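Let's take a friendly walk through a protein model, with the sequence and the 3D view side by side. Have both ready before reading on.

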Amino acid sequence: MCLGIPMRVLESRDGAGEGELAGVRRPVRLDLVPAARPGDWVLVHAGYALQVLDPAAAEETLAALREVGEIGREEPR
Amino acid sequence: MRFPSPDPSLPFRAPEAVRGLAAELARLDPGRPVRVMHVCGTHEHAIGAAGLRDLLPPWLRVTAGPGCPVCVCPAAEIDCAARLAADRGVVVAAFGDVLRVPSRLSLEEARARGGDCRVVGGIEEAAALAAAEPGRPFAFHAVGFETTACTTAAAVRRGLPANLSILSSHRLVPPALEALLAPGGPAPDGLVLPGHVLAVTGLGEYEALHRRRPVPMAAAGFEPAEILLALAWILRRLRGEPSRERVGNAYRRVVRRRGNPEARRALAEVFEPVDADWRGLGRIPLSGLALRGRFAALEARTRHGIAEDPAVGDLVPGCRCGEVLLGAAEPEECALFGAACTPESPRGACMVAFEGTCHARFRTGAAR
């Protein structure tokens with residue numbers, strides 16, 4: 001029920017927009033994310049965008065993951 | 001900074017990151033068995049689909065709590081929706097899972113009796129259906145946690161077609177967690193918090209909860225690495241390592257400290273918290289959402305003069321959904337699981353809903 005999928009905003013007009021993921025386009029309500037602009041990734045649930053994804057925060061997490069990935073990789077020496 | 005197309009979630013599935021985190025978890029052994037509970041049906045699916053339980057160290061068990069809004073919706077509220085369709089000539093629009101949830105009368109059975117029940121993916125679709133047939137009464141059965149409730153609130157605030165009412169079965173997550181963590185209960189050692197609920201609400205309510213019930217808790221996304229990161233954060237707290245954060249956040253790309261202020265505003269304008277029943281958990285104070293003030297007349301129960309019948313019971317004999325919802329029993333411990341109760345022929349709500357623990361376990365295989 002709380003399934004959310006990331007979609008890229010293609011267009012936005014008065015709270016109504018269109019999102020796209022992997023070539024599939026869907027109407028998306030943008031009422032709850034007034035700051036969303038075309039090109040942004042948003043989290044979509046039940047036809048509404050609930051949040052704008054933050055690429056800088058994602059990159060921070062990914063950097064931490066890469067570090068753990070390096071540590072976790074068993075390399076024979 | 002831009003996300004890599006075609007899907008910004010892909011890096012969080014990287015096998016080397018998942019392997020590295022699994023090794024990290026094994027190093028965080030607190031020297032005793034640990035049980036961490038998640039409270040989100042989508043987490044159960046993600047954990048099952050990625051086989052994450054196979055990667056966990058033997059002392060760490062991840063169980064599922066009351067994280068499926070369809071499963072926790074009392075049978076009496078389903079019965080209300082079904083009677084609207086079967087007896088009152090109301091077209092009931094509901095999420096697909098809700099139609100098959102057993103009750104005295106399920107929506108599917110109401111349909112077999114000539115009731116008009118439609119599957120929708122959200123309130124916008126229900127509004128479109130109602131607008132297309134302005135001469136017929138419609139009701140949207142609004143089931144879901146804060147994630148879904150804010151979409152109902154947004155649509156209500158913008159204005160619904162005059163012939164569409166709302167049967168609110170929305171529920172709030174923090175009051176249920178508070179009940180779950182009550183002293184003397186089957187409290188887990190840690191909680192993985194549902195990322196999409198916290199995308200809306202932010203961390204504040206959970207920080208307040210942690211002050212009252214100091215169990216380590218961290219928000220998680222739905223990719224394997226994000227779930228393991230949350231587990232690692234919880235284990236570090238159990239080992240006594242300090243953190244500047246009261247509540248962990250392993251889903252920073254979506255969960256902000258203050259959540260989504262616009263969504264929170266919509267929720268507060270349209271709904272007010274009320275005491276509500278949960279299947280398996282009983283009545284929990286201020287855990288439900290009722291339409292407030294000038295929106296109260298949109299409630300389907302009010303418009304069509306219908307109320308829950310307390311005689312409608314939640315469980316069929318032998319069904320252990322109540323314990324499964326509390327994380328007190330694994331689906332495999334129920335005699336009906338996989339035999340008398342399957343996704344094709346469900347007996348309990350936890351087997352019906354896509355997000356139900358029994359459904360997810362049946363689809364993705366054994367727990368440890």
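In the second largest pocket, the lining residues divide into 9 nonpolar, 3 polar and 10 charged. Keep in mind that this is a predicted model. The pocket holds about 390 Å³ of space and has 22 residues in its lining; those nearest its centre are B:Glu77, B:Arg171, B:Arg283, B:Arg301 and B:Glu308.

Which parts of chain B each supply at least two residues of this lining? They are helix H4 (75–87), strand E6 (164–170), E10 and E11. E11(B) gives the most, with 5 residues.

Now follow those last two strands. E10 (residues 271–278) and E11 (residues 282–291) of chain B run antiparallel, and 7 bridges join them. Find B:Asp277, and you will see B:Arg283 of E11(B) opposite.

Next, turn to the largest pocket, with a volume of about 680 Å³. Of the 26 residues that line it, A:His45, A:Ala46, A:Gly47, B:Gly121 and B:Glu125 are the closest to its centre. E3(A) gives the most, with 4 residues. The lining of this pocket divides into 14 nonpolar, 7 polar and 5 charged residues.

Key. Residues are numbered from 1 along each chain as its sequence is written. Chains are lettered from A and ligands numbered from 1 in the order in which they are written. This is a predicted model: local features need pLDDT of at least 70, side-chain atom pairs count only at pLDDT 80 or more; totals for chains, interfaces and linings use all residues. Side-chain values use heavy atoms; hydrogens and water are left out. Two strands pair if DSSP finds at least two bridges between them. On a 1 Å grid over the protein atoms alone, a cavity is a set of points where a 1.4 Å probe fits but cannot get out, and a pocket is an open set with protein on both sides within 12 Å along at least five of seven lines; lining residues have an atom within 4 Å of a point. Grid points are joined across faces, edges and corners, and a volume is the space filled by probe spheres set on the points. Ala, Val, Leu, Ile, Met, Phe, Trp, Tyr, Cys and Pro count as nonpolar, Asp, Glu, Lys and Arg as charged, and the others, Gly among them, as polar.
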